[in-house]
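Please keep the structure open while reading.

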Amino acid sequence: MKSEFTPGPWTTKKIDDGVYDICRCGNDGIRTRVCRLHASQIQPEHGGTIEANARLIAAAPDLLSALERLAHPMADDDDLDYAREVIAK
């Protein structure tokens, strides 16, 4: 079963120190907030930073696309290169 989600691309926007929005910018130029992250919600023992977590969440649609390409029976080196590029984000 395929789950539904807000289509990408998603971007990050720093709202304040320790607060980031994950947004989708549609073709009409309208930004829609997908979620908001607060540094206070991250447990210190999990490491990382609020910005790194925001970037990872914003990359979700691209990561899904890369996995779908790699899972295709006709996947090739271009698909693998694309996946590596997305992971580097």
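## Helix 1 against helix 2

This is a predicted model. In helix 1, Leu56, Ile57 and Ala58 make the contact. Their partners in helix 2 are Ala60, Pro61 and Leu63. By class, this contact has six nonpolar residues, with no polar and no charged ones.

Helix 1 covers residues 50-58, and helix 2 covers residues 60-71. Their axes come within 5 Å. The crossing angle is roughly 45°. Angles from 65 to 115 degrees count as roughly perpendicular, under 35 as roughly parallel and over 145 as roughly antiparallel, with the rest oblique. Helix 1 and helix 2 are therefore oblique to each other.

## Helix 2 against helix 3

Helix 3 spans residues 77-88. The axes of helix 2 and helix 3 come within 9 Å and cross at roughly 160°. An angle over 145 degrees counts as roughly antiparallel, and helix 2 and helix 3 are therefore roughly antiparallel to each other. Helix 2 passes helix 3 in a left-handed crossing.

Which residues make the contact? Helix 2 supplies Asp62, Leu63, Ser65, Ala66, Arg69 and Leu70. Helix 3 supplies Asp78, Asp79, Leu80, Tyr82, Ala83, Val86 and Ile87. By class, the contact of helix 2 with helix 3 has eight nonpolar residues, one polar residue and four charged residues.

Leu63 of helix 2 is listed in the contact with helix 1 and also in the contact with helix 3.

## A charge over a ring

Arg69 of helix 2 and Tyr82 of helix 3 both belong to that contact. The charged end of Arg69 sits over the ring of Tyr82. The distance to the ring centre is 4.3 Å.

What about aromatic pairs? The count comes to zero.

## A cis peptide bond

Which peptide bond is cis, with omega near 0°? The bond runs from Gly8 to Pro9. Pro9 lies in the segment before strand 1. Strand 1 itself covers residues 10-16.

Terms used:
Residues are numbered from 1 along each chain as its sequence is written. This is a predicted model: local features need pLDDT of at least 70, side-chain atom pairs count only at pLDDT 80 or more; totals for chains, interfaces and linings use all residues. Side-chain values use heavy atoms; hydrogens and water are left out. Axes are lines fitted to C-alpha atoms, for helices over the stretch in contact, and angles run from 0 to 180 degrees between N-to-C directions. Helices (H or I, at least four residues) and strands (E, at least two) are DSSP runs, numbered from the N terminus. Contact means heavy atoms within 4.5 Å. Ala, Val, Leu, Ile, Met, Phe, Trp, Tyr, Cys and Pro count as nonpolar, Asp, Glu, Lys and Arg as charged, and the others, Gly among them, as polar. Rings of Phe, Tyr and Trp (its six-membered ring) pair if their centres lie within 6.5 Å; planes under 30 degrees apart count as stacked, over 60 as edge-to-face and the rest as tilted. A charge sits over a ring if NZ of Lys or CZ of Arg is within 6 Å of the ring centre and within 35 degrees of the ring normal. A crossing is left-handed if the near helix is turned anticlockwise from the far one by less than a right angle, and right-handed if clockwise.
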